[in-house]
Amino acid sequence: MQLRTYVMVDRMQPQYAAFTGKRTLGMIPVEGDAQIFMEISPAAEIYRVMDLALKTTNVQPGYLNMEREYGFIEIHSSHQEAVQYTGAKALEAMELQETDRLKPEVVSANMISGIHAYQAQLINARNVGGLVLANETFCVIEVAPAAYIVLAANEAEKAARITLNHYASSGAYGRLMISGSESAVSQSRDAAIAAIEALDGRARSR
């Protein structure tokens with residue numbers, strides 16, 4: 001059994017919760033909920049993990065997916081302790097620890113000051129969150145493994161008054177897009193990076 005991703009969001013911020021709920025396939029989370037994302041291999045084992053999680057405490061399932069290599073779940077609850085306990089019991093059943101996860105890496109964090117109106121419109125055409133406005137500061141953060149981007153998104157919103165434009169938590173890299181004033185975006189970027197870099201885990205193979 002291999003733990004690829006294990007990350008907890010302690011208290012979902014308003015924009016992050018709304019964006020996540022919009023894409024959730026199961027029970028919809030709301031602002032203030034705590035959640036855990038877990039990704040393991042072999043992929044089919046994820047069904048056993050979800051079953052265990054739901055039978056441990058009163059948590060809600062938001063997402064369950066089995067891909068070619070990895071299985072992925074999201075669980076959440078208004079009670080942070082329930083989420084923490086459920087995650088711990090799931091790891092225990094798999095004979096794993098939180099530190100067995102892959103240590104996340106910030107791949108890039110790019111800021112554009114005074115974004116051009118045409119580029120803002122191109123970005124807005126494809127995102128599903130808040131709108132990027134002309135002349136705002138725009139930032140894209142990439143992390144690996146991809147699912148850790150959820151922590152970056154939530155911590156970015158905690159740190160300053162920014163607009164959450166988009167996040168993608170699957171694929172080779174997780175991507176977060178935020179916009180706002182230069183000072184707010186800079187503050188949020190730094191908070192997101194700090195949260196990712198603070199997580200421990202095993203080294204990723206190159």
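This is a predicted model: local features need pLDDT of at least 70, side-chain atom pairs count only at pLDDT 80 or more; totals for chains, interfaces and linings use all residues.
User: Which residues make the contact of H2 with H3, and how do they divide by class?

Analyst: On the H2 side the contact is made by Arg48, Val49, Leu52, Ala53 and Thr56, and on the H3 side by Tyr85, Thr86, Lys89, Ala90 and Ala93. These residues divide into six nonpolar, two polar and two charged. The crossing in which H2 passes H3 is right-handed.

User: What makes the buried residues of H2 line one face of the helix?

Analyst: The residues in question are Ile46, Val49, Met50 and Ala53, which are buried. Seen down the axis of H2, they fall within an arc of 95 degrees, so they line one face of the helix. The buried residues of H2 pack against strand E2 (34-41), strand E3 (60-66) and strand E4 (71-77), and also against H3.

User: Why are helix H5 and helix H6 called oblique?

Analyst: Helix H5 (residues 149-159) and helix H6 (residues 182-197) pack at an angle of about 140 degrees, with their axes 8 Å apart. Because the label roughly antiparallel is kept for angles over 145 degrees, and roughly perpendicular ends at 115, H5 and H6 are therefore oblique to each other. Their crossing is right-handed. From H5 the contact is made by Leu151, Ala152, Glu155, Ala156 and Ala159, and from H6 by Gln187, Ser188, Ala191, Ala192, Ala195 and Ile196. By class, this contact has eight nonpolar, two polar and one charged residues.

User: How do you know that the buried residues of helix H4 are on the same side of H4?

Analyst: In H4 (residues 117-124), the buried residues are Ala120, Ile123 and Asn124. They cover an arc of only 100 degrees around the axis, which puts them on the same side of H4. Tyr118, Gln121 and Leu122, on the other side of H4, are exposed, while the buried residues pack against strand E6 (137-144) and strand E8 (174-180).

User: Why does Glu95 count as exposed, and what is its phi?

Analyst: Glu95 has 74% relative accessibility, so it counts as exposed, the cut-off being over 50%. Its phi is near 60 degrees, a positive value in a residue other than glycine. Glu95 is placed in the loop between H3 and strand E5 (105-112).

User: What makes Asn135 count as exposed, and where is it placed?

Analyst: The relative accessibility of Asn135 is 63%, so Asn135 counts as exposed, since exposed means over 50%. Asn135 is found in the loop between H4 and E6, and its phi is positive, about 75 degrees, although it is not a glycine.

User: Which omega goes with the peptide bond from Ser41 to Pro42, and which with the bond from Ala144 to Pro145?

Analyst: The bond from Ser41 to Pro42 has omega near 0 degrees and is cis, and Pro42 lies in the loop between E2 and H2. The bond from Ala144 to Pro145 is cis with omega near -10 degrees, and Pro145 is in the loop between E6 and H5.

Technical notes. Residues are numbered from 1 along each chain as its sequence is written. Side-chain values use heavy atoms; hydrogens and water are left out. A crossing is left-handed if the near helix is turned anticlockwise from the far one by less than a right angle, and right-handed if clockwise. Helices (H or I, at least four residues) and strands (E, at least two) are DSSP runs, numbered from the N terminus. Contact means heavy atoms within 4.5 Å. Ala, Val, Leu, Ile, Met, Phe, Trp, Tyr, Cys and Pro count as nonpolar, Asp, Glu, Lys and Arg as charged, and the others, Gly among them, as polar. Axes are lines fitted to C-alpha atoms, for helices over the stretch in contact, and angles run from 0 to 180 degrees between N-to-C directions. Angles under 35 degrees count as roughly parallel, over 145 as roughly antiparallel, 65 to 115 as roughly perpendicular and the rest as oblique. Buried means under 20% relative accessible area, exposed over 50%, partly exposed in between (1.4 Å probe, protein chains only). The arc is that of the directions from the helix axis to the C-beta atoms.
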